[in-house]
Amino acid sequence: DRDQGTKERDPQRSGKPQETRTQRSKRSSDPNPTPSAQRAFTSNATMRAITHDVYGNSEVLHMSDVPVPSHSNKEVLVKVKSAGLHKGNWHLMTGIPYIVRLAFGFSRPSNKVMGSDISGVIDKVGGNVTTFKVGDEVFGTTKGDQGGWAELCVCDPNQLTIKPPSINWNDAGAVPTSAVTALEALRDVGNVKPGQKVLIIGASGGVGIYAVQLAKHTFSCEVTGVCSGAKADMVRTLGADYVIDYAQGPDVTTLGKSYDLILDIAGDRTVSSMRKILTPDGTLVLVGGEGGNKIAPFGRMIYMSLANRFVKHNLKVFMSVVTTALMEFIKGEMEAGRLKAHVGREYSFEDARKAMADHEEGKLAGK
């Protein structure tokens, strides 16, 4: 039980002066707390977490005892039941592309606890939070997309939703970031319509497996998926009408077929080659920043943003943000049976390093 890893430290041994009861009462009743007092929900307890002190591959990950994070009046503390792994976790672990270090620590990671997608139980609630209560079962993402691979994590209530009994902990912890990204790419950015022909490049990855299912079962489209031959059968079971092995071919750009919407998740094709297989008023959506260089992989994104003003095609780029409303939609599709988490492999908390190593080596099919 992860709860056994949490222990209280003796406040007398900390060397810090202790508050009197009057001081504590005064602080808690202050109607206009200072910024430091707004994060009043602190603890001297520790917990187990998967951390990294430096940037690098999966070898930098290790189990550590770290302080239980504090939460503000607008946040909640969640006792983690299950946590997911996605490509974004790899980027923050390696610090690649280097531009991410401007936000997450240049020479070393500023937040050492890994992970963002979680499912769990509300442990504590900030005073201004009205949407959740202690004991609620939830799933979503952590505050700042970090801190989820731990026994407890801080979350923004606006990035959580209630977990229904029909969805198990592992499925709930796997879907948030990837499924929401797929939904936004198709519906909100791609403006997908029933009956359209949709091409998904990178159909077997974390986002791809949800994009295939949503395009086919939710939006009633004809779906073509591009992936490795080893994962082709999986993509077919998800609902793809046609599957193309990117290594063996044929090259999707040489088939003489046009698509109303293309999602490029893999990031390994030129914009001009993909425009050739769009319908005259078709839409190309770049999902994330894959396929660029290690410094700032946004060349294609900048090019598309500029070129979109001068071409008839709709060239779209976006960065996904998880919200409660989007999570509610994903939950509804899961409950209706149209979207499955498709967890390919489960790992114990202690085996997080191996999970990341398998992800790096492309051994995982699904989440």
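This is a predicted model: local features need pLDDT of at least 70, side-chain atom pairs count only at pLDDT 80 or more; totals for chains, interfaces and linings use all residues.

Q: OK, which residue does Lys-216 meet in a salt bridge?

A: Asp-241, at 2.9 Å, N to O. A salt bridge here is a side-chain nitrogen of Lys or Arg within 4 Å of a carboxyl oxygen of Asp or Glu. Asp-241 is partly exposed, at 35%.

Q: Where do Lys-216 and Asp-241 lie?

A: Lys-216 is in helix α7 (residues 208–218) and Asp-241 is in the loop between α8 (232–238) and β10 (242–245), so the pair ties together parts 25 residues apart in sequence. Helices (H or I, at least four residues) and strands (E, at least two) are DSSP runs, numbered from the N terminus.

Q: How many salt bridges does the count come to?

A: The count is 18. Among them, Glu-75 and Lys-143 meet at 2.7 Å, N to O. Glu-75 counts as buried at 8% relative accessibility, while Lys-143 is partly exposed at 38%. There's also a network in which salt bridges that share partners join Arg-48, Glu-151 and Glu-350.

Q: Switching topic: is Asp-358 buried or exposed?

A: Buried, because its relative accessibility is 3%. Asp-358 sits in helix α12 (residues 352–360).

Q: Which side chain does Asp-358 have a polar contact with?

A: Tyr-347, at 2.6 Å. A polar contact is a pair of N or O atoms within 3.5 Å; within protein, one must be able to donate a hydrogen and the other to accept it, and residues adjacent in sequence count only if both atoms are side-chain atoms.

Q: And the greasy part, how many residues are in the largest nonpolar core?

A: That core has 46 residues, and those with the most contacts inside it are Leu-186, Ile-200, Tyr-210 and Leu-263. Its largest share, 7 residues, comes from helix α6 (residues 176–189). A nonpolar core means buried Ala, Val, Leu, Ile, Met, Phe, Trp, Tyr and Cys residues joined through side-chain atoms within 4.5 Å.

Conventions
Residues are numbered from 1 along each chain as its sequence is written. Side-chain values use heavy atoms; hydrogens and water are left out. Buried means under 20% relative accessible area, exposed over 50%, partly exposed in between (1.4 Å probe, protein chains only).
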